[in-house]
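Hi,

Here is the structure I promised to pass on.

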Amino acid sequence: RYPLIFQQICVACHKLEGQGGVVGPALDGVADRMTPETLRKHLKDPKSVKPDSLMPQLPLTEENVDELVAFLSTLKA
């Protein structure tokens, strides 16, 4: 149901539909808060979007980023 990269990395810190970690914000409705361009920038360099972000710069490939942006862009409230 969720992309493998999301299951491997994102849910360690982020909750979605009540499941997952609690370090980062819940990702329910993230597409209402961030454009695909902002999501892409945030995934590549979180502090460039939110300087006080706790999210580390992750070792994501361009393919991973594309897959995550496509998925996260569907998460509307």
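Below is what I found, starting with how to read the notes.

This is a predicted model, where local features need pLDDT of at least 70, side-chain atom pairs count only at pLDDT 80 or more, and totals for chains, interfaces and linings use all residues. Residues are numbered from 1 along each chain as its sequence is written, and side-chain values use heavy atoms, with hydrogens and water left out.

Let's begin with the inside. Buried means under 20% relative accessible area, exposed over 50% and partly exposed in between, using a 1.4 Å probe and protein chains only. Helices (H or I, at least four residues) and strands (E, at least two) are DSSP runs, numbered from the N terminus. As for L75, its contacts (heavy atoms within 4.5 Å) are L16, L27, G29, V30, A31 and D32, leaving aside neighbours within four places in sequence.

Next, α3. Its residues L39, H42 and L43 are buried, and they sit on the same side of the helix because they cover an arc of only 100° around the axis. That arc is taken from the directions from the helix axis to the C-beta atoms. Among what covers the buried residues of α3 are α2 (30–33), α4 (46–49) and α5.

Now the rings. Rings of Phe, Tyr and Trp (its six-membered ring) pair if their centres lie within 6.5 Å; planes under 30 degrees apart count as stacked, over 60 as edge-to-face and the rest as tilted. That gives 3 aromatic pairs. One of them, F6 with F71, is edge-to-face, at 5.1 Å centre to centre and 65° between the planes. This pair links distant parts of the chain, with F6 in helix α1 and F71 in helix α5, 65 residues apart.

Last, is H14 buried or exposed? H14 counts as buried, because its relative accessibility is 13%. H14 lies in the loop between α1 and β1 (15–16), and its side chain reaches the backbone oxygen of P25 at 2.7 Å.

Cheers

Conventions:
Polar contact = N/O pair within 3.5 Å; in protein donor to acceptor, adjacent residues only side chain to side chain.
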